[in-house]
Amino acid sequence: MTNTRGSLSIQNVSLSYGKAEKRVLALDGISFEVRSNQFTVIVGPSGCGKSSLLYIAAGLLEASAGGVTASGRLVEAPGADRGMVFQSYTLFPWLTVRDNIGYGLRRKSMPAAEREAIVARYLDEVGLTAFAGHYPKQLSGGMMQRVAIARALANDPDILLMDEPFGALDSQTRHSMQKLLLRVWEQSQKTVAFVTHDIDEAILLGDRVIVMTARPGKVKADIEINIPRPRAPEIELESEFISLKRRILNELRGEIDEDH
Amino acid sequence: MNGKRNLVRSFTTPFGDVPAPAAFIAATTVWVAVLGTWAVATYGGYVADMFLPVPDAVIRRAWKLASDGTLFVHLWSSVEVVLLGFTVSAAIAVPLGLYMGTYKIVQAALEPLVNFIRYLPVTSLVPLFILWIGIGIGQRITVIFFGTFFSQLIMISDEARAVSRDLVNASYTLGTTRREAVWHVIFPAALPGIINTLRVTMGWAWTYLVVAELVAANSGLGFISLKAMRGFQVDTIFLAIFLIGLLGLITDMGFRLMRRWLCPWAA
Ligand SMILES: Nc1ncnc2c1ncn2[C@@H]1O[C@H](COP(=O)(O)OP(=O)(O)OP(=O)(O)O)[C@@H](O)[C@H]1O
Ligand SMILES: [Mg+2]
């Protein structure tokens, strides 16, 4: 077990939903380690327990067996050290874009001037300075996810959990969001656990890709992505990228076939 | 030409917006039609003025009661009772409903009892209240409280329970504690629904007020209405009905303004 800040260790985590005959085993003793500052991408068939795993790491859901340690401490409850961007839209509708981004800092009672400077920086980073005073309802889906990312980053968590944050976006918006995330991450070097269905996205963003089996979820394959950074979407045409993609697809295909 | 087509189109589009002047003209037309029908029926002699007063009789009655001050005494008596009963009810129902919707244990404790009381017709309790409290202002306030509180509580707890779990989860990952979540997340998220609940139950408060005033009171718009019935003063009854409607309209507008002011984000 690593003891450094930002490390994440998933140890033999099992999870079942429901009782008696309705019992569903979602995760079956899954284990892996995420080093501090590593960008780990998790892919797997739909329903294999990816969201559940992130919820457990965040402390929002209790594992039926096994445990998670974050920065060396056992996860027992959610906390600001593990930020999360959700699969669904979760901006606070009663707060403006500016106040959504500053929400966590306000909870920490950070002095206003300091908070405003950080908010301004992330507003700029995600290109929404002109929308600082808008409410979430007045934003498009892509803009809302940008705010959600800025909100999570502004709070400066040690670990960032991202559950298909770009899943609902069109491919063009998705590409610009990927570039944005790459740029921000290459600067901040946070530990990231990122779930996606998009294999191109997984290879583009990740230091490694964990392929999960169909439900109940376990680790099927753990693949290092040694493409040098900074990366740009153009690498998708390189042979190294394509051979990684083939490998991941093969691992996944086996799972999806077994599922049926 | 084109403008006219667009207008017709906006009228016939489901959920389509219409220009404010058009909305105003439509509302005015309906009012003029109703009042016009009334005027024709009475001035034309189609309905006996013992049953339906001529419009100017109502106005003259209003003027007479206003000039000797009795109108304002009764008006204020009604408003005072509604405001007191409703405010006491809302002041307890909002926080309690919030806790009831948030914490299953509070719901488990209260819901069976509250639902039992909620479906008792308040009118069936009125004899009991008169026996206990008499026919003073306390009795009327109690009737309004019992008429609104239990429904408010259930409706507000439903609003709190409907708040997205992931909104609360997101707040946890940003450092909100479980204790803070009630007031920092669930309350603001449920606020537009809470204000709507208050708006709807305010209408019921007016209904129960008149019930209470008709049964046992010595002042108020329902009371003068009942007294007028005994003296065959149908114009006073109309005046009372009109004033109750007007007060209802004003409070309703008050709640709309409050919603727009407190929840501009939900517009
Ligand atoms: N609230 C719940 N109650 C009961 N079963 C659930 C619940 N949430 C998830 N499950 C079950 O757990 C399994 C894993 O769910 P989870 O949402 O973690 O999957 P996922 O990998 O994130 O799927 P997707 O890729 O579609 O988002 C699902 O197959 C489902 O059957
Ligand atoms: Mg999921």
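1. Asp163(A) sits opposite Val195(A), a residue of S8(A). The strands concerned are S7 (residues 159-163) and S8 (residues 191-195) of chain A, which pair in the parallel sense over five bridges. Strands count as paired if DSSP finds at least two bridges between them; strands themselves are DSSP runs of E with at least two residues, helices are runs of H or I with at least four, and both are numbered from the N terminus.

2. A word on the source: this is a predicted model, in which local features need pLDDT of at least 70 and side-chain atom pairs count only at pLDDT 80 or more, while totals for chains, interfaces and linings use all residues. Residues are numbered from 1 along each chain as its sequence is written, and chains are lettered from A and ligands numbered from 1 in the order in which they are written.

3. Stepping back to the sheet in chain A, six strands make up an open, mixed sheet in the order S6-S7-S8-S3-S9-S10. At its edges are S6 (82-85) and S10 (219-224) of chain A, each pairing on one side only. From one strand to the next, the twist averages 15 degrees.

4. Now for chain B, which is split into domain 1 (19-50) and domain 2 (55-266), with bounds that come from an automatic or database domain assignment. Taken over C-alpha atoms, the centres of these two domains of chain B are 30 Å apart.

5. How do helices H10 (residues 221-230) and H11 (residues 234-262) of chain B cross, and at what angle? Their axes come within 8 Å and cross at roughly 160 degrees (axes are lines fitted to C-alpha atoms, for helices over the stretch in contact, with angles from 0 to 180 degrees between N-to-C directions). H10(B) and H11(B) are therefore roughly antiparallel, a label for angles over 145 degrees.

6. In the contact itself, Leu221(B), Ile224(B) and Ala228(B) are among the H10(B) residues that meet H11(B), where the partners include Ile237(B), Ala240(B) and Leu243(B). Contact here puts C-beta atoms, placed from the backbone, within 7 Å. The residues involved divide into eight nonpolar, two polar and no charged (nonpolar: Ala, Val, Leu, Ile, Met, Phe, Trp, Tyr, Cys and Pro; charged: Asp, Glu, Lys and Arg; polar: the others, Gly among them).

7. Finally, the interface: 13 residues of chain B are in contact with 20 residues of chain A. H8(B) gives the most to chain B's side, with six residues.

Technical notes:
Contact = placed C-beta atoms within 7 Å. Parallel < 35°, antiparallel > 145°, perpendicular 65-115°, else oblique.
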